[in-house]
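I keep these notes as I go through one structure.

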Amino acid sequence: MKEFWTSLASLLGVLAFCQGLLQMVFPPELRFASLKLLNRLFNCFSSYCYYDITEIDGVNTNELYNAVQLYLSSFVSASGSRLSLTRAVNSSATTFGLSNNDCINDVFNDVAVQWEHVVTQRQSQTFSWRPLPDEKRGFTLRIRKRDKDIILDSYLDYIMDKANDIRRKNQERLLYTNSRGGSLDSRGHPWESVPFKHPSTFDTLAMDPERKEDIMDDLRDFAAGQAFYQRTGRAWKRGYLLYGPPGTGKSSMIAAMANFLGYDIYDLELTEVHSNSELRKLLMKTSSKSIIVIEDIDCSVNLSNRAKATHAGAPRNYYDSGAPDAARGSEDGNNNTITLSGLLNFTDGLWSCCGSERIFVFTTNHIEKLDPALLRSGRMDMHIYMSYCSYPALKILLRNYLGSEAEDLGEAAASELREAAEKAKMTPADISEVLIKNRRNKERAVRELLEVLKTKAERNEKYGGLREECELNGVVEEMEEEEQEKRALESPKEGSDCDDDSCKKVEDDDEEKKKAK
């Protein structure tokens, strides 16, 4: 036994000597080339071929990587031996996934394939135009060479379709918002997300049923219109403008649209976007099947109607309309240089075509403040007026909060509610507050609601003429202010009562008058 260990030690010493000799004789470049050649020879004689699917493809997220990750998570819990468990913030669902550098087998059309989750540390880069995640993630697909042409394309298409079905089945949608100041997270994404769990649907939305049906039909046609948009040469996108008084359900409408289509929502905060190029990068990072929302667009940045802005001067087109706005943003200290042309290109320019099946939704309380170029068809295709609560909408609120139909309250009460609702001009939010407070007692809720509606209706009838007169006076005052501004711009600047020629002429006239006296 002692001789065995002596021989083994001698053999190890010889191997160590040979390894040191090889490192001294052969430089690292030659050793690397030799290993590369051996790897190629091995691949030539190997019966397998390998395909890498990385998480990030250039500057964009690889959708195939997300689809493979979702597809494997659907059955990895039953067949995997080592799994990683994740749960998103505010989510009740646990997601199973492959652990780092772990493998799993799959069968498609009686052909066996193998997936490996490859996670490596990214090498430090001296320069990068955007930060990249510390870890480099990807999947490696191993297929036999003889099966490559048979299943590769059909298998990947099957994975994409299966992932879409899983998304629709899980109903796990996300609500995104752009990071503060345009900063990126650890994975290089400019959007932060939380699970979207808003319960609003078109069934619970307080709106005229006929109007809701028109909107739902339009959404159905859009979601099923891929072939139509390709045939007509149009980008697969659509714009909706929601306008009306505050409290009429514009945000609830957006949530109902997302729940109806199963889309994610990107809530874009324009005040955190500092330039047009940053706006384009945000658009590039949005996914398909999504709704991009800009709420209260008339208050986000200075994109007011150019007719008022240029009333006193020469008219300008919208391509240079953002320059004064950018200058004002710099003076205010927020460094916001978004221009109107940048926002128009965002919704209807070439950059709006970098994805498919997207919906743009703008909301505003004052549509008259928006520039007409932002409202035309092709940008905002459908204008939806969110009006005060009508009687059909009131019936939906009664069903939502009290669990009863208006007809169940009695013919007299229903008639009074119908008449008062049309005259009161109350928003669904105000009516909902009355019903929420008294939802435990239906009779008291209806009685108090009827009192509030009648009081508001009487007030409207009493001060209706006065309100119209005040609104008319407001329009006149606004016209007078614009006229005064125009005169101020046309008059000489303060501190110089007249120009040189006119001043000399006045002085000569004064001398002539003195001589005449």
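The entries below follow the order in which I looked things up.

**Ground rules.** I am working with a predicted model, in which local features need pLDDT of at least 70, side-chain atom pairs count only at pLDDT 80 or more, and totals for chains, interfaces and linings use all residues. Residues are numbered from 1 along each chain as its sequence is written, and side-chain values use heavy atoms, with hydrogens and water left out.

**Aromatic pairs.** I looked up how many aromatic pairs the structure holds, and there are 15. Rings of Phe, Tyr and Trp (its six-membered ring) pair if their centres lie within 6.5 Å; planes under 30 degrees apart are stacked, over 60 edge-to-face, and the rest tilted. I then took Phe 228 and Tyr 229: their ring centres are 5.4 Å apart and their planes stand at 80°, so this pair is edge-to-face. For burial I use relative accessible area (buried under 20%, exposed over 50%, partly exposed in between, with a 1.4 Å probe and protein chains only). Phe 228 is partly exposed at 41%, and Tyr 229 is buried at 7%.

Next I looked at Tyr 243 and Tyr 385, a tilted pair with 5.3 Å from centre to centre and 45° between the planes. Tyr 243 lies in strand β11 (residues 237-243) and Tyr 385 in strand β15 (residues 382-385), so the pair ties together parts 142 residues apart in sequence. Helices (H or I, at least four residues) and strands (E, at least two) are DSSP runs, numbered from the N terminus. Tyr 385 is partly exposed, at 39%.

I also noted one aromatic cluster, made of Tyr 65, Tyr 71, Phe 108, Trp 115, Phe 139, Tyr 155 and Tyr 158.

**Charges over rings.** Here NZ of Lys or CZ of Arg must be within 6 Å of the ring centre and within 35 degrees of the ring normal. Arg 142 lies over the face of Tyr 48, at 4.0 Å from the ring centre. The charged end of Arg 418 sits over the ring of Tyr 391, 4.6 Å from its centre.

**Helix α8.** I found that α8 (residues 250-261) has 12 residues and reaches 17 Å from its first C-alpha to its last, close to the 16 Å expected at 1.5 Å a residue; the expected span is 1.5 Å times one less than the number of residues. Gly 262 follows α8, with a positive phi near 75°.
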